[in-house]
Amino acid sequence: METLVIAGNGPAGCTAAVYAARAGLSPLVLAGNTPGGLLTQTSEVENFPGFADGITGFDLVMNMQTQAEKFGARVEYESITAVDFRPAPPHKLTLSDGRVIETKVLIIASGAAPRYLGVPGEDRLRGNGVSACATCDGAFYKDLPVVVAGGGDSAMEEALFLTRFASEVHLVHRRDQFRASRIMVERAQNHPKITFHLNARIVEVLGENNVSGVKLEDTVSGEFSELPCRAVFAALGHLPCSEIFARAGIKADRSGYIITDGHTASTNIPGVFAAGDCADPRYRQAIIAAGSGAKAAMDAEKFLAEH
């Protein structure tokens, strides 16, 4: 019987582990087969407080994990494959190695995965010009041309944000109609640095070691062209990694983000808490995730004391 299990070891999971371990709860952290989450795919993190010269995403997460282990957290590189949430704890978890364990408290910090284009060159150049976070990586492309792919509010926001750094921003959308709100489209259209490429889709990301451009297909004529750029930002939304928990009864919104009560990290299942990007459809930033991880651990500690 485990006292506390944490699903995920990104900023939310690791911070929850630090707080829980310091409280003497000896948490078990299930890091999965891609430990550290999305942050490990970010080459340089410059907006996390305390690192004036920046730090790689991988080093930041590993530092957090080491700190949690120092206080007694246990990390296993397994994931949860099945869940049996009971009306009251303990809850039953099936792990990727076949073990079935029970836990008094579960903190879900499973993160969210950005939607990418799925075209040749994209995976190979991820972290070398291909990104899904303008806030994270936009400053690296000062005075350079960049491309944003998407047609929703997030795409318009990313494009407008990137105008602070890039010499020019090319927004590529496969249709001539937008999911984005009218006001966001107008703001982007009226910005002198932003050029729209409508009825166009990216079919390949070009470049050897770094992005040098994209290959476009005209969705009306079928003609191909190349657009030089130094970075490609996929603004196609995110997929919260919550499906396995939602199937077991955790309440989530229409997009799959886990719903908490708004004041704490509590979910609709007693003894189950959620933190980080899996419960955050808005910010998706490491510092926000870390804070929510601390909140989840404090809520978990209180739950255990009361029960």
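Guide: Strands themselves are DSSP runs (E, at least two residues), numbered from the N terminus. Bear in mind that this is a predicted model, where local features need pLDDT of at least 70 and side-chain atom pairs count only at pLDDT 80 or more, while totals for chains, interfaces and linings use all residues. Residues are numbered from 1 along each chain as its sequence is written, and side-chain values use heavy atoms, with hydrogens and water left out.

Visitor: Fine. Which residue in β5 is the bridge partner of D84?

Guide: That's K92. Strand β4 covers residues 80-84 and is joined to β5 by four bridges, with the two running antiparallel. A hairpin of six residues links β4 to β5.

Visitor: And what does β5 pair with on the way to β6, how many bridges?

Guide: Four bridges join β5 to β6, which is residues 100-108, and that pair is antiparallel too. L93 sits opposite I101 of β6.

Visitor: Which residue takes a positive phi in the hairpin of β5 and β6?

Guide: G98, with phi near 95 degrees. That hairpin has four residues between the strands.

Visitor: Which residues of β5 are on the covered face, and which on the uncovered one?

Guide: β5 spans residues 91-95, and H91, L93 and L95 make up its covered face. K92 and T94 are on the uncovered face.

Visitor: Switching topic. What does the side chain of H197 make a polar contact with?

Guide: The side chain of H170, at 2.9 Å. A polar contact here is a pair of N or O atoms within 3.5 Å; within protein, one must be able to donate a hydrogen and the other to accept it, and residues adjacent in sequence count only if both atoms are side-chain atoms. H197 itself lies in strand β11, residues 194-197.

Visitor: What else is H197 in contact with?

Guide: With contact meaning heavy atoms within 4.5 Å, and leaving aside neighbours within four places in sequence, the list for H197 is H170, L171, V172, H173 and L227.

Visitor: Next, what's the strand order in the open sheet with β12?

Guide: β12-β13-β14, three strands with antiparallel pairing. β12 (200-206) and β14 (224-228) are at the edges with a single partner strand each, so one side of each has no neighbour in the sheet. Neighbouring strands are turned by 30 degrees against each other on average, direction ignored; the axes behind that angle are lines fitted to C-alpha atoms, for helices over the stretch in contact, and angles run from 0 to 180 degrees between N-to-C directions.

Visitor: How many bridges between β12 and β13?

Guide: Six, and β13 is residues 213-218. V205 is opposite V214 of β13.

Visitor: Last topic: which cysteines does a disulfide join?

Guide: C133 and C136, S to S 2.3 Å. A disulfide is a pair of cysteine sulfur atoms within 2.5 Å, and by this rule the count is one. The S-S torsion is about 70 degrees, so this disulfide is right-handed.

Visitor: Is C133 buried or exposed?

Guide: Buried, at 17% relative accessibility, whereas C136 is partly exposed at 24%. Buried means under 20% relative accessible area, exposed over 50%, partly exposed in between (1.4 Å probe, protein chains only).

Terms used: Pairing = 2+ DSSP bridges.
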